[in-house]
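Subject: Structure handover

Hi,

Here is the structure we talked about. Please open it alongside this note.

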Amino acid sequence: MSKRFVVIVILIIAVCVIGCVAYSIYKNSSKFFENELTKMRGKNVNLNFKEAEVYYNGLDTAFNHTNAYKLVVFVDSLSCSGCFLNHLILYYDINDSLLNKDGRLVIVLHPQQGKIDLIRRKVLTDKYPFWCIIDKNGEFIRNNPGFPGNKLLHSFMLSNSEK
């Protein structure tokens with residue numbers, strides 16, 4: 001056998017092994033995601049806040065529990081809340097669509113402790129035309145045990161019967 005043939009066989013085996021490992025990882029992560037999604041289905045989400053700061057159009061207010069559909073976006077303390085707010089203009093069209101269908105956009109921010117003042121100033125000055133909730137103490141996670149850690153599941157729609 002020539003060296004060239006041996007190298008080609010080794011490369012083919014290596015590609016097959018890498019392909020099998022990649023498929024296995026994909027299959028497991030896909031099942032994990034499906035399991036988290038299944039756990040979330042039919043679960044009530046508690047949006048009752050006692051300690052959080054609530055803003056609408058840059059005004060400090062109380063959260064209005066209307067019977068409207070709600071698109072909830074949760075930004076946890078591991079994410080950069082300030083970075084998220086810098087791109088929040090991308091949600092204006094979504095907010096307009098929701099309002100046209102009697103829906104509401106609710107942004108729940110759980111910023112890092114040292115960033116709360118910065119986030120508050122940004123919410124007050126930019127006057128976002130939807131609910132911005134600054135969850136200073138992690139109340140959302142406490143009120144919703146078992147909430148998935150997967151960031152892909154941190155945006156979800158609530159029916160009009162859920163608060």
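This is a predicted model. Start with the aromatic residues. Phe74, Phe140, Phe147 and Phe156 form one aromatic cluster. Within that cluster, look at Phe140 and Phe147. Their ring centres are 5.1 Å apart and their planes stand at 80 degrees, so this pair is edge-to-face. Phe140 and Phe147 are both buried.

Across the whole structure, a search finds 9 aromatic pairs. Another one to view is Tyr56 with Trp131. Here the ring centres are 4.7 Å apart and the planes are at 50 degrees, so the pair counts as tilted. Tyr56 belongs to strand β1 (residues 53-56) and Trp131 to strand β5 (residues 131-134), so this pair ties together parts 75 residues apart in sequence. How covered are the two residues? Tyr56 is partly exposed, at 25% relative accessibility. Trp131 is buried, with a relative accessible area of 9%.

Next, strand β3. This strand spans residues 69-75 and is mostly covered, with 6 of its 7 residues buried. Which strands does β3 pair with? One is strand β4 (residues 103-109), in the parallel sense, over 7 bridges. In that pairing, Leu71 stands opposite Leu105 of β4. Another is strand β6 (residues 155-158), in the antiparallel sense, over 4 bridges. There, Val72 has Phe156 of β6 as its bridge partner. Phe156 also belongs to the aromatic cluster.

Best wishes

How values were computed
Residues numbered from 1 in each chain as written. Predicted model: local features only at pLDDT ≥ 70, side-chain atom pairs only at ≥ 80, totals over all residues. Heavy atoms only, no water. Phe/Tyr/Trp six-rings, centres within 6.5 Å; stacked < 30°, edge-to-face > 60°. Helix = DSSP H or I, 4+ residues; strand = E, 2+ residues; numbered from the N terminus. Buried < 20%, exposed > 50% of the residue type's maximum accessible area, 1.4 Å probe, protein only. Pairing = 2+ DSSP bridges.
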